[in-house]
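Welcome! Please take a moment to look over the sequence and the 3D view before reading on.

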Amino acid sequence: MPETKDGLRVGVIHGPGNAIKPVWFDLNRRKHSIREITNCWRERRGDTALLHFHVVDEGALYELIYNLTSGCWLLEQIESL
Amino acid sequence: MSQRLIMHIDMNAFFAAVEQQSNPALRGQPVAVVGSQQRTIILTASYEARSFGVKTGMTLFEARQKCPQLQLVAANNRLYTHVSAQIIEIFRDYTPLVEVFSIDEAFLDVTGSLQIFGSVQRIAYLIKSRIKARLGLTCSIGVAPNKLLAKLASDMQKPDGLTFIRPEEVGIVLEELPIGELCGIGRSTEHKLNALGIYSCGQLGRYSAATLKGRFGVIGERLKLMGQGVDAAAVIPLEQEAEVKTVGHSMTLRQDIDDRQSIARFLLQLSEMVGRRARRYGVLGKTVTLTLRYADFTTFSRQQVQVEPIGQSEEIYRASLRILDSLILEQPTRLLGVRLSSLQHRDRQLLLLPEERRKQQLCESLDQVNDRHGEFSVMSASLLDVKGKGSHVISPAWRPEGIRNVSFS
């Protein structure tokens with residue numbers, strides 16, 4: 001369960017293989033269950049590989065970014081639903 | 001100049017998908033959206049129906065043969081235009097350069113948006129995710145250096161695809177591609193090119209420009225460039241679109257008709273639709289044109305110049321009736337159209353005659369009610385028993401705000 005410096009925690013299912021699937025995230029002591037992953041894609045920035053997930057909870061669409069090099073997660077809210 | 005980044009976004013099975021979202025019982029089912037009930041063809045089919053071989057343009061009979069459990073839904077144009085307008089608003093969050101190509105397709109120039117959003121890939125996924133999360137719909141996106149290739153790319157992966165054609169890949173992608181796959185090369189042009197021995201884009205791109213020009217005139221050179229994947233056309237947002245010079249509507253009738261009274265009732269409907277649009281554009285027109293198509297598809301138009309420019313539905317109706325009464329119809333009619341042209345600005349002048357003032361006030365009040373509650377919420381009593389009012393076709397001129405630039409002569 002990697003943790004960011006902002007206190008974001010993300011619950012992840014690893015596998016099968018190298019697959020990573022976030023299932024919940026905890027932000028500011030509030031747990032958000034991920035209802036749907038609408039899209040995910042891989043991006044390379046220099047030496048860093050990033051995995052982007054667009055996820056939906058009950059109220060909003062978020063972008064979760066997993067840094068494969070550092071093992072850190074970042075989160076950005078895209079919009080309320 | 002840096003390489004342009006153009007997106008073409010194509011909503012997947014748009015009408016059918018909107019119906020499936022608005023009625024959960026239809027989700028996962030083979031669904032086809034159809035037009036009017038008696039003369040109907042498949043307008044679009046859900047991907048579940050397509051897997052049975054149901055295609056756009058099939059008759060109901062053909063479609064039911066392919067898929068007996070097919071669920072039919074009557075087209076709901078108001079719903080589709082409403083959803084489309086929401087989608088276009090999402091596009092505009094990523095660039096002001098949005099060209100609405102049709103109700104379910106648009107081009108976006110995102111060249112200048114990368115600094116804000118990071119990458120074109122991220123913009124594409126943001127758009128896809130927001131549409132999916134908010135509306136439950138999927139789209140296919142093509143990204144390329146120009147509109148021609150972006151449209152081609154969006155067709156390559158359906159549904160829910162994201163396809164890039166990068167500048168260095170253009171030659172490889174086009175070499176074996178059949179020319180008919182390019183947007184802008186229709187069946188007729190394809191046959192003519194085939195007659196010259198041209199079947200693939202690669203062959204078209206290498207063909208002699210002089211020969212193509214000799215065979216096709218000015219578009220010959222353009223065809224060669226298309227074969228090379230070259231397209232300099234800009235993404236043109238709504239406010240820069242070519243001006244509208246006429247306001248018109250037409251409708252294919254549920255069944256062929258030949259009596260004047262029935263034709264007159266449809267003309268009243270069409271005149272109301274034309275009048276409503278003319279008033280929204282703030283224009284009057286001096287020329288009224290009536291178009292008729294006979295049962296054997298013979299089509300002709302007759303026009304009449306008015307003494308004064310007109311814009312009220314009743315005036316347009318009277319003018320179209322005068323044209324109708326000057327004709328001797330040789331066959332039953334299957335299509336009617338009414339058009340207003342020679343447009344000019346409508347001055348909001350104070351009408352002196354109380355009768356004229358009352359008419360104008362009544363007209364404005366009716367427009368307000370119909371704006372709020374939908375077309376034909378309030379109408380002439382003679383239209384009350386007409387079923388399925390409206391043309392049932394989303395005009396190619398449809399735009400999210402409903403208004404295009406208007407040219408005045």
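## Before you start

This is a predicted model, in which local features need pLDDT of at least 70 and side-chain atom pairs count only at pLDDT 80 or more, while totals for chains, interfaces and linings use all residues. Residues are numbered from 1 along each chain as its sequence is written, and chains are lettered from A and ligands numbered from 1 in the order in which they are written.

Helices (H or I, at least four residues) and strands (E, at least two) are DSSP runs, numbered from the N terminus. Two strands pair if DSSP finds at least two bridges between them.

## Where the chains meet

Let's begin with the contact between the chains. Eleven residues of chain A are in contact with ten residues of chain B (contact means that C-beta atoms, placed from the backbone, lie within 7 Å). On the chain A side, strand 4 (36-45), strand 5 (48-56) and strand 7 (73-80) each supply at least two residues. Strand 4 of chain A gives the most, with four residues.

## A sheet in chain A

Three strands of chain A form an open, antiparallel sheet in the order 1-2-3. Its edge strands are strand 1 (9-14) and strand 3 (30-33), each pairing on one side only.

Strand 2 (residues 20-27) of chain A is joined to strand 3 of chain A by four bridges. Within strand 3 of chain A, Ser33(A) is the bridge partner of Trp24(A).

## A sheet in chain B

Chain B has an open sheet of three strands too, in the order 3-2-4 and with mixed pairing. Strand 3 (42-45) and strand 4 (71-74) of chain B each have a single partner strand, so one side of each is left without a neighbour in the sheet.

Strand 2 (residues 31-34) and strand 4 of chain B pair in the parallel sense over four bridges. Val33(B) has Val73(B), in strand 4 of chain B, as its bridge partner.

## A helix with a buried face

Which residues of helix 12 (residues 219-227) of chain B are buried? They are Leu223(B), Lys224(B), Met226(B) and Gly227(B) (buried means that 20 or more other C-beta atoms, placed from the backbone, lie within 10 Å of the residue's own). Seen down the axis of helix 12 of chain B, these residues fall within an arc of 160°, so they line one face of the helix; the arc is that of the directions from the helix axis to the C-beta atoms.

The cover over the buried residues of helix 12 of chain B includes helix 7 (147-156), helix 8 (170-175), helix 10 (201-206) and helix 11 (209-216) of chain B. Just after helix 12 of chain B, Gly229(B) takes a positive phi of about 75°.

Technical notes:
Contact = placed C-beta atoms within 7 Å. Buried ≥ 20, exposed ≤ 12 C-beta atoms within 10 Å, placed from the backbone.
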